[in-house]
Amino acid sequence: MPAWRTISLWMDQLEEPLRARPSLEKDLDVDVAIIGAGYTGLWTAYYLKRLAPDLKIAIIEAQTAGFGASGRNGGWLMGNLLGEDRLLADLPAEQRRASFDLLHRIPDEVEVVLEREGIDCDFRKGGVLYCAARYPEQESSLRRYLDSLYRQGLNEADYCWLSPEQLAQQIRVAKPYGAIFAPHCATIQPAKLVSGLARAVERMGVSIYENSPVSHWQSGRLRTAKASVRSRWIVPAVEGYAVTLAPLGRYQLPVQSLLVATEPLSASTWDEIGLSRGQAFSESSRQVTYGQRTADNRLVFGARGGYQFAGKLRHDFDLTRNEVELRRYLFGELFPQLKSVNITHSWGGNLGMSRRFKPHMLCDQRSGIALSGGYGGEGVGASHLGGRTLADLILGRDTERVRQPWVIAQGGLDALKAWEPEPLRWLGYNAIIRSFIHEDQALADPTSAPWRRKLASQVAGFMEGFMR
Ligand SMILES: Cc1cc2nc3c(=O)[nH]c(=O)nc-3n(C[C@H](O)[C@H](O)[C@H](O)COP(=O)(O)OP(=O)(O)OC[C@H]3O[C@@H](n4cnc5c(N)ncnc54)[C@H](O)[C@@H]3O)c2cc1C
């Protein structure tokens with residue numbers, strides 16, 4: 001039995017024994033074959049079965065349900081999509097508002113399923129705090145961001161500014177400059193969601209095969225080492241692992257994100273910090289940080305990880321000392337009382353980044369291929385929408401979901417934009433990240449000259465422009 005418990009704090013906390021499901025030993029003939037038992041694959045199966053209970057559905061998983069990002073993430077269940085502002089920019093105002101509402105409803109829709117299926121994954125809808133909490137420039141950039149949201153038709157009920165005093169009612173950070181609060185976000189225990197969903201779809205009659213990596217796939221067919229599957233529909237739901245299923249790696253690159261978890265903290269420490277309602281929080285630098293207070297009172301805190309040359313998957317998530325200490329430094333800036341706290345778990349995972357830095361939900365009736373991905377680190381909620389949308393598309397249903405700008409209903413894989421060849425990607429990624437690190441160092445140092453701060457931000461902002 002592989003050491004699946006060591007994948008993350010979340011997998012370690014699962015109460016049930018982690019027994020492998022049977023692997024695929026015999027050829028199958030099904031209606032829908034899904035590759036990968038993460039949220040995308042499981043939500044797709046779930047909604048297909050609800051809408052068409054007679055469908056024969058098999059999920060073929062390389063390792064175990066939750067082995068990928070779904071068993072490792074930071075547990076922010078957001079009512080958002082990466083790049084939604086760009087995706088919705090060209091829509092008429094009323095339609096744009098309706099699309100935002102569709103996204104904002106995601107956490108509530110997930111909650112309905114959790115109740116219906118009896119899945120306890122520590123769901124708490126406390127909203128999200130995007131804090132300006134390390135240097136003053138964060139306040140101006142967050143205020144600019146808030147203005148841009150309001151220009152798109154969003155209002156104070158969607159996103160509101162919190163003064164340092166208002167922020168302190170929710171979270172006490174060492175240097176509060178203010179924050180944006182948005183209510184449409186919940187925090188969860190990610191592995192409990194993925195394992196609960198896997199059990200739910202099995203109850204509905206879906207077969208899940210584990211320890212069965214798919215080696216070849218094409219329209220109507222896939223193959224593992226021991227068996228092959230014929231199916232009207234093939235749904236590769238492998239997100240950060242697209243490189244394992246050519247040609248998907250051309251369109252979706254693996255990028256890593258890394259997290260740490262502290263030991264459970266005392267009630268008095270949490271009285272100092274706050275976060276009493278399950279709020280998610282970040283410190284809004286370009287380090288892409290994200291945190292939550294877990295149901296068992298740990299701090300879980302993550303930040304951007306890396307990109308490996310040629311889009312290689314990272315398999316070893318025993319974090320180096322530097323990787324752990326960078327995260328300790330970042331949360332220690334917010335909560336100095338935690339600077340020397342005991343870190344019990346550290347881990348990371350691969351997530352999928354599309355060339356356009358925004359997600360896609362694609363369905364090609366001709367070839368029978370459907371996929372959803374490119375969530376770029378914002379996939380917990382997006383995969384629910386993705387799975388539900390794929391179910392609608394596969395069944396040919398005309399719903400609000402299939403009429404969104406992230407849906408690609410024609411052109412198949414060719415409609416996706418391919419990444420540039422190496423070494424361009426690696427050089428580009430590293431140039432961008434270096435500019436972010438340089439900016440962070442300049443801004444976090446109170447003695448940096450104003451011209452240096454400004455220049456560092458301008459360069460980082462310019463480089464970030466390549467990710468749009
Ligand atoms: C460290 C980290 C933190 C994150 N934090 C957040 C967060 O807080 N909020 C948020 O919204 N998003 C977050 N994300 C992103 C989010 O977790 C993912 O977008 C989401 O889980 C993707 O789900 P998925 O089912 O598409 O992919 P995955 O969960 O990665 O599942 C893919 C599955 O496919 C299997 N597989 C791969 N190749 C094959 C093959 N050849 N054959 C068969 N099976 C295969 C894998 O084993 C895996 O189980 C984070 C991601 C990471 C890595």
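**View 1. Domain 2 and domain 3 have centres 22 Å apart, taken over C-alpha atoms.** This is a predicted model, in which local features need pLDDT of at least 70 and side-chain atom pairs count only at pLDDT 80 or more, while totals for chains, interfaces and linings use all residues. Residues are numbered from 1 along each chain as its sequence is written, and side-chain values use heavy atoms, with hydrogens and water left out. The domain assignment gives domain 1 (4-73 + 190-251 + 356-415), domain 2 (128-182) and domain 3 (424-467); such bounds come from an automatic or database domain assignment. Four residues of domain 2 are in contact with four residues of domain 3, where contact means heavy atoms within 4.5 Å. Together the two domains bury about 400 Å², with 42% of this on carbon and sulfur atoms. Buried area is the accessible area (1.4 Å probe) that two parts lose on being put together, summed over both. Which three residues supply 94% of the area that domain 2 buries against domain 3? They are Arg134, Tyr135 and Glu137, and they supply more than any other three residues.

**View 2. Two salt bridges are counted between domain 2 and domain 3.** Side chains of opposite charge can pair when their charged atoms come close. Here, a salt bridge is a side-chain nitrogen of Lys or Arg within 4 Å of a carboxyl oxygen of Asp or Glu. Look for Arg134 again: Asp440 forms a salt bridge with Arg134, and their closest N and O atoms are 2.9 Å apart. A search of the whole structure finds 29 salt bridges.

**View 3. Arg203 and Glu117 form a salt bridge, with their closest N and O atoms 3.3 Å apart.** Arg203 lies in helix H8 and Glu117 in helix H5 (residues 106-117), so the pair ties together parts that are 86 residues apart in sequence. Helices (H or I, at least four residues) and strands (E, at least two) are DSSP runs, numbered from the N terminus.

**View 4. Helix H2 (residues 39-51) and helix H8 (residues 190-203) cross at roughly 35°, and their axes come within 10 Å.** The axes are lines fitted to C-alpha atoms, for helices over the stretch in contact, and angles run from 0 to 180 degrees between N-to-C directions. From H2, the residues Tyr39, Leu42, Trp43, Ala45 and Tyr46 meet Pro190, Leu193, Val194, Leu197, Ala198 and Val201 of H8. How many of the residues in the contact of H2 with H8 are nonpolar, polar or charged? The contact has 11 nonpolar, no polar and no charged residues. In this scheme Ala, Val, Leu, Ile, Met, Phe, Trp, Tyr, Cys and Pro count as nonpolar, Asp, Glu, Lys and Arg as charged, and the others, Gly among them, as polar.

**View 5. A cis peptide bond joins Ala246 and Pro247, with omega about 5°.** Pro247 sits in the loop between strand E11 (228-236) and strand E12 (252-262). The peptide bond from Glu422 to Pro423 is cis as well, with omega near 10°. You will find Pro423 in the loop between strand E19 (407-408) and helix H12 (424-444).
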